[in-house]
Amino acid sequence: MKFLIIGAGQMGSAVAYDLARSEGVQAVTLADANLRRAEETVARIASPKLRAARLDVEASNDLVDAMRRHDCVIAATTFRHNVALTKAAIEAGVHLCDLGGNDDVVYQQLALDKEARQRNVLIVPNCGLAPGLANVLAARGVEQFEKVDSVQLRVGGLPQHPKPPFNYQLVFSVEGLINEYSGKSRVLRNYAIAEVDAMTEVERIEFPPPFGALEAFTTSGGTSLLPQMFAGKVRELDYKTIRYPGHCKLFKTLLDLGFASNEPITVGANVLTAKEMFFELLQRKLAGSDHDVVLLRVSIQGERGGKRQTLSFNLIDFYQENDNITAMMRTTAFPTSIIAQLVVGGTVQQRGVMTPEQCIPLDPLVSELHTRGVNVTQEWS
């Protein structure tokens, strides 16, 4: 199996790390517009399977040629590139997995389903943690019930030692964070698809010590295609992001004041948008160096075997000191790497454009994560 990773940032580097350690993987190319960044990552991982390359996603001919030399492409760059990368992968006749996260982009990719089928390839948007792993847990969990009343997905990446005022540090890109905090969250209400504003419907959620009482609130992109899959079958379904108490109110105030708007602002001789300035400030103030933790809980309530039951999937994953890989990198990149290997290895044989909840089996995904020390527990009550 030969893989091409596009993007040598945190997630792309973690995907490269996992693929290089996986049996059955012959070669991995880590490509980035900044060759030095890719080379530094390759040198750090120090695997004979891995090589660095310079690749500009805007150069379509070079992109397709590079893709053709591999079995699967993993897009670990901004979601704004994913439609173009999907088209290039279809033209090259290779599979593609990406980290997704933006509903509008995913719908554009889904519109290319026929072309992907004709080329006998599978495009899998929204791999990763949430959307991604959490959605597979929810979808495969629902299939174990005769009737489902509610599905709740709760996921968050947090610093282990929070500092005010936001009690948060960036665990992925600023653009990705604001994308989640903006727009609408697609949900199911009384069996029908509905939309609610992001950063609303704040609730209390409890996790074992040392975490205790936390908050969760709606964010966009997390439900992926679950509402479409289960409309008319599941009464209530929603996705919320977990944070330390008070985070939502503080951050939403800034967004309501227009800090992430496209309003032009003149600074000396430069003209920037409010969003550009806000992104830069967030990058400086929320970068942080504290070790992180990822919390996940997927709860499904309904009837099974004629009885009322609840199925809960739980995950608590910490930064790994030995490997110097954050919990968010592990829980986002490792599922993506595993999904790509399941596709190329033939475990997943569907073709077209499908999100993980539509095509990825639960057992091999969870068992492979377990071998990497990412442990999803399952409990019936």
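The questions and answers below concern a predicted model.

Trainee: In what order do the strands of the open sheet of seven strands follow one another, and which are the edge strands?

Mentor: The pairing within this open sheet is parallel, and the order is E3-E2-E1-E4-E5-E6-E17. An edge strand pairs on one side only, which applies to E3 and to strand E17 (352–353). The edge strands are thus E3 and E17.

Trainee: At the E3 end, which residue of E3 is the bridge partner of Asp32, and what is the handedness of the crossover from E2 to E3?

Mentor: Strand E2 (residues 27–32) pairs with strand E3 (residues 50–54) in the parallel sense over five bridges. The bridge partner of Asp32 in E3 is Arg54. Between the two strands the chain passes through helix H2 (residues 35–45), and this β-α-β crossover is right-handed.

Trainee: Are H8 and H10 roughly parallel or roughly perpendicular to each other, and which residues of H10 make the contact?

Mentor: Helix H8 (residues 174–181) packs against helix H10 (residues 247–256) with axes 12 Å apart and an angle of about 95°. Angles of 65 to 115 degrees count as roughly perpendicular, and H8 and H10 are therefore roughly perpendicular. By class, their contact has five nonpolar, one polar and no charged residues. On the H8 side it is made by Leu177, Ile178 and Tyr181, and on the H10 side by His247, Phe251 and Leu255.

Trainee: Helix H8 also holds Glu175. Which residue meets the side chain of Glu175 in a salt bridge, and how many residues apart in sequence are the parts that this pair ties together?

Mentor: The structure as a whole has 23 salt bridges. In one of them, the side chain of Glu175 meets that of Arg80 at 2.8 Å, N to O. Arg80 lies in the loop between strand E4 (72–75) and helix H4 (82–92), whereas Glu175 lies in H8, so the parts tied together are 95 residues apart in sequence.

Trainee: How many bridges join E15 to E16, and which residue of E18 is the bridge partner of Phe313?

Mentor: Strand E15 (residues 292–304) and strand E16 (residues 307–318) run antiparallel and are joined by twelve bridges, with Leu295 opposite Ile316. They form a hairpin with two residues between them, and Gly305 in the turn has a positive phi of about 65°. E16 also pairs in the antiparallel sense with strand E18 (residues 377–380), over four bridges. In E18, the partner of Phe313 is Gln378.

Trainee: Which residue has a positive phi although it is not a glycine, and which residues does the cis peptide bond with omega near 5° join?

Mentor: Most residues other than glycine have a negative phi, and most peptide bonds are trans. In the loop between strand E9 (192–197) and strand E10 (203–207), the residue with a positive phi, about 55°, is Glu201. A cis bond with omega of about 5° joins Pro164 and Pro165, and Pro165 lies in the loop between strand E7 (147–159) and H8. In the loop between E6 and helix H7 (133–142), the cis bond with omega near 5° runs from Ala130 to Pro131.

Methods
Residues are numbered from 1 along each chain as its sequence is written. This is a predicted model: local features need pLDDT of at least 70, side-chain atom pairs count only at pLDDT 80 or more; totals for chains, interfaces and linings use all residues. Side-chain values use heavy atoms; hydrogens and water are left out. Two strands pair if DSSP finds at least two bridges between them. A crossover is right-handed if, with the strands pointing away from the viewer, the path from the first strand over the helix to the second runs clockwise. Axes are lines fitted to C-alpha atoms, for helices over the stretch in contact, and angles run from 0 to 180 degrees between N-to-C directions. Angles under 35 degrees count as roughly parallel, over 145 as roughly antiparallel, 65 to 115 as roughly perpendicular and the rest as oblique. Contact means heavy atoms within 4.5 Å. Ala, Val, Leu, Ile, Met, Phe, Trp, Tyr, Cys and Pro count as nonpolar, Asp, Glu, Lys and Arg as charged, and the others, Gly among them, as polar. A salt bridge is a side-chain nitrogen of Lys or Arg within 4 Å of a carboxyl oxygen of Asp or Glu.
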